[in-house]
Amino acid sequence: MGVRVLCLRHAESENVVARVAGALPLAELTPKGRAQAAEAAECLLGEGVTRIYASTAVRARQTAEIIAQALGLREEVVELPGLVEFGVGRLEGTADPAVRARTAGVLRSWVVEGRLGEAVADGEDGHAVVARVIAAFASIATAHPSTTPAHPSEPATHPSTTPAHPSATAIHAGEPTSDLTTTSAHPAQVVACAGGTVVLVGHVGSLTAGLSVLCGLGEQVWGRPLPHAVPFPVEWDGRAWRCASWPGLRQDR
C-alpha cells in the first residue's frame, strides 16, 4: 500500500475576489473561504487522514489549519514551499485583464501543449514550477513509504524529484496513468510513516501544471479549473502516481 494524497485548492481568498494575478503569498481567506474550508473538512471525516501538507502561502495554510482543527489532528500542518502558486515576476499583484489572460495562456501552453519554457513576463517558467511540485509530492511519498512493493517480484521505486525530460510525462518507473472519472464540485522536514492518507492544500495553477506532468493528465483537465476546497485523490503505489478523478470532469469523457 502506498500513500493516498487528497489534494485540494485552497478555499476562496482575497486575491481571487480582487481578481489580481500572481503568487501573492500574503492573501488571506475570505469569510466565504473559511466556510468552504470547514465544508471540505466535513467531506474528509472518516478518510483516515494522518497528516496535512500545505503551501507556505497564507491562504493555503489557513485552509489547512481549519481542516486540521476540524479533524482533530495533533500534528502541525507541514509546509512545503514547492507547492506555492506560480509567480508572474514584475507583474505580481496586477489586476490588468490582459495579464490575467496571458497567465491563463501560459498555463494552457504548459498543460495542453507541453511548452514548459513559456512564462509570464519575468516570472517562473513551467520547468521550474513542475519540478518543484513534483519534488513536493516526492517528499510526501518518501515520508509515507509503501508498506509492500507494488508487485511481489519487484521492489518499490523511489519517486523521482525531476522530470526525465522537460516535456516528458513519464518521470519515474512506470507510466503515469490518466483514466479519470468525475468527482463532486462541492523543502520541509517530514517524519516517515507507512503509507496512509494525507491532505495536500495547494493552488490552481501550480497543482494543475505539476499533476499534468506527474500523472499524464494534459488536455483532459484543461477548461476545468480546480474549484475552491474540493478534495480529489492522487495516489502513489510505490511505482507511479495516479490521479483517478478530477473535479468537474464528466465520466463519459
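Select helices H2 (residues 31-44) and H3 (residues 58-71) in this predicted model. They pack at an angle of about 45°, with axes 9 Å apart. H2 and H3 are therefore oblique to each other. Their crossing is right-handed.

Now show the side chains at the contact. From H2, pick Arg 34, Ala 37, Ala 38, Ala 40, Ala 41 and Leu 44. They meet Gln 62, Thr 63, Ile 66, Ile 67, Ala 70 and Leu 71 of H3. The contact residues divide into nine nonpolar, two polar and one charged. An α-helix has 3.6 residues a turn, so residues three or four places apart point the same way.

Next, go to helix H6, residues 204-214. How many of its 11 residues are buried? The count is 11 of 11, so H6 is largely enclosed by the rest of the structure. Among the buried residues are Val 204, Leu 207, Leu 211 and Leu 214, but also Ser 206, Thr 208 and Ser 212. Step just past H6 to Gly 216, where phi is positive, about 65°.

Move on to strand E6, residues 232-236. Colour Phe 232, Val 234 and Trp 236: this face is covered. Pro 233 and Glu 235 make up the uncovered face. In a regular strand the side chains alternate between the two faces of the sheet.

Strand E1 (residues 3-9) runs antiparallel to E6, joined by five bridges. Look for Arg 4 opposite Glu 235. Strand E7 (residues 241-243) also pairs with E6 in the antiparallel sense, over three bridges. Here Val 234 has Cys 243 as its bridge partner.

Finish at the E6-E7 hairpin, with four residues between the strands. Select Gly 238 there: its phi is positive, near 100°.

Key: Residues are numbered from 1 along each chain as its sequence is written. This is a predicted model: local features need pLDDT of at least 70, side-chain atom pairs count only at pLDDT 80 or more; totals for chains, interfaces and linings use all residues. Side-chain values use heavy atoms; hydrogens and water are left out. Axes are lines fitted to C-alpha atoms, for helices over the stretch in contact, and angles run from 0 to 180 degrees between N-to-C directions. Helices (H or I, at least four residues) and strands (E, at least two) are DSSP runs, numbered from the N terminus. Angles under 35 degrees count as roughly parallel, over 145 as roughly antiparallel, 65 to 115 as roughly perpendicular and the rest as oblique. A crossing is left-handed if the near helix is turned anticlockwise from the far one by less than a right angle, and right-handed if clockwise. Contact means heavy atoms within 4.5 Å. Ala, Val, Leu, Ile, Met, Phe, Trp, Tyr, Cys and Pro count as nonpolar, Asp, Glu, Lys and Arg as charged, and the others, Gly among them, as polar. Buried means under 20% relative accessible area, exposed over 50%, partly exposed in between (1.4 Å probe, protein chains only). Two strands pair if DSSP finds at least two bridges between them.
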